[in-house]
Amino acid sequence: MDEVFKALADPSRRLLLDSLNELDGQTLRQLCSGLTMARQSVSKHLAVLEAANLISTARHGREKRHYLNAGPITAIADRWIDRYDAARVPAFADLKTVLETSADSAEFVYTTYIRTTPERLWHAVTNPAISAGHLGHAIESDWQKGSTYTWIEDGLRIDDVEQLIVESDPYQRLAFTFHAFTAELQQVAPDLSDETIAKAAAERRSKVTFDIEPVGDQVKLTVIHDGFDPDSAVRELIGHAWPLRLSSLKSGLEQAD
C-alpha cells in the first residue's frame, strides 16, 4: 500500500488518473495531449502508476493503451471508510463509486497481483470445484481450443454453441467467448430486467482473456474483456461484476496459503 500512497501523492499522477477516469483506454499520445508535461515525464509517471497497480496496460496492434485499475483505490476506501463514519468522508466514497462504476471504455481491463503460483491460479480458474468458491461461477470444459463450455452459477447451467474456448495455454493464457444471456439468468441475478437480458442476448459475443505472468513470489493476473457492441449492456454489467469476482479470487488463493 506504500507504493499506492506514494503514487497518489504527486499531483501530475493524479491528473493522469483523472484523465483515465474520464476516458479509459487512452494511448500515451492521447494522455500527453491533455497535459502540459513532456512526453518523457508522462511516461515516467505512468510507469510509477503501473508499478503501484493503479493502472493496467494492454497492447492493441502497435498501440499501448492505459486503463484505470480501481482495485488499490477501493482497498484504501474499504480500509478507512469502514473505520470512520462514511458521511464525514463523502469525497472518498464518491471517488470509490466513480472508479467502480466507470464504463466509458469499450474494453474492460483489470490487473491484480496475487501471492500464489501460475499453476494454482490456473487451477483456480479452470477447476469447477475451486472456481465456484473463489470466483462465484464455474466453467466446465476440456479446455481445448475450439471446445465449447458450460457456464455454472448458483446451480444454473448455461450451454450455448457459441460459448467457445478461444485460447488455452496452461499457466499462461486463457481466452473464451463470454456466456450466453438467457431468461434463466434472473434466477441467480433477479435485478436483471427482461429488457436488459434481451439487449445483452442480441449483442455480438464478447471475449474474456486471462493473462498470467509470474512476478517474484506473486502472479500478475490481467483480465481483458473486450469485443463489445457500442452502448453495450454487457459492458456495463461486467464492469461491476469482474472487480468483485477477481477480488474474491485473490482473497481465496492468498488465504489458502
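Trainee: Where do K250 and E254 lie?
Mentor: Both are in helix α10. They sit 4 residues apart, about one turn of the helix. Keep in mind that this is a predicted model.

Trainee: What do K250 and E254 form?
Mentor: A salt bridge. The closest N and O atoms are 3.0 Å apart.

Trainee: And is E254 buried or exposed?
Mentor: E254 counts as buried, because its relative accessibility is 17% and the cut-off for buried is under 20%. K250 is partly exposed, with a relative accessible area of 25%.

Trainee: How many salt bridges does the structure hold?
Mentor: The structure holds 11. Side chains of opposite charge can pair when their charged atoms come close.

Trainee: Which residue does E107 form a salt bridge with?
Mentor: R65. The closest N and O atoms of that pair are 3.7 Å apart. E107 lies in the loop between α6 (90–101) and β4 (108–114), and R65 lies in strand β3, so the pair ties together parts that are 42 residues apart in sequence.

Trainee: What about accessibility there?
Mentor: E107 is buried, at 10% relative accessible area. R65 counts as partly exposed, at 26%.

Trainee: Which residues are linked in a network of salt bridges?
Mentor: E63, R65 and E107.

Trainee: Next pair. How do the side chains of R205 and E162 meet?
Mentor: In a salt bridge, 3.4 Å from N to O. R205 is in the loop between α9 (194–202) and β9 (207–215), while E162 is in strand β7, so this pair ties together parts 43 residues apart in sequence. R205 is partly exposed, with a relative accessible area of 25%. E162 also counts as partly exposed, at 43%.

Trainee: Where is the place of N53?
Mentor: In the loop between α4 (39–51) and β2 (55–60). N53 counts as buried, at 11% relative accessibility.

Trainee: What about the phi of D231?
Mentor: D231 has a positive phi too, about 55°, and is not a glycine. D231 is found in the loop between β10 (218–226) and α10 (233–255).

Trainee: Is D231 buried or exposed?
Mentor: Exposed, because D231 has 70% relative accessibility and the cut-off for exposed is over 50%.

Key
Residues numbered from 1 in each chain as written. Predicted model: local features only at pLDDT ≥ 70, side-chain atom pairs only at ≥ 80, totals over all residues. Heavy atoms only, no water. Helix = DSSP H or I, 4+ residues; strand = E, 2+ residues; numbered from the N terminus. Buried < 20%, exposed > 50% of the residue type's maximum accessible area, 1.4 Å probe, protein only. Salt bridge = Lys/Arg side-chain N within 4 Å of Asp/Glu carboxyl O.
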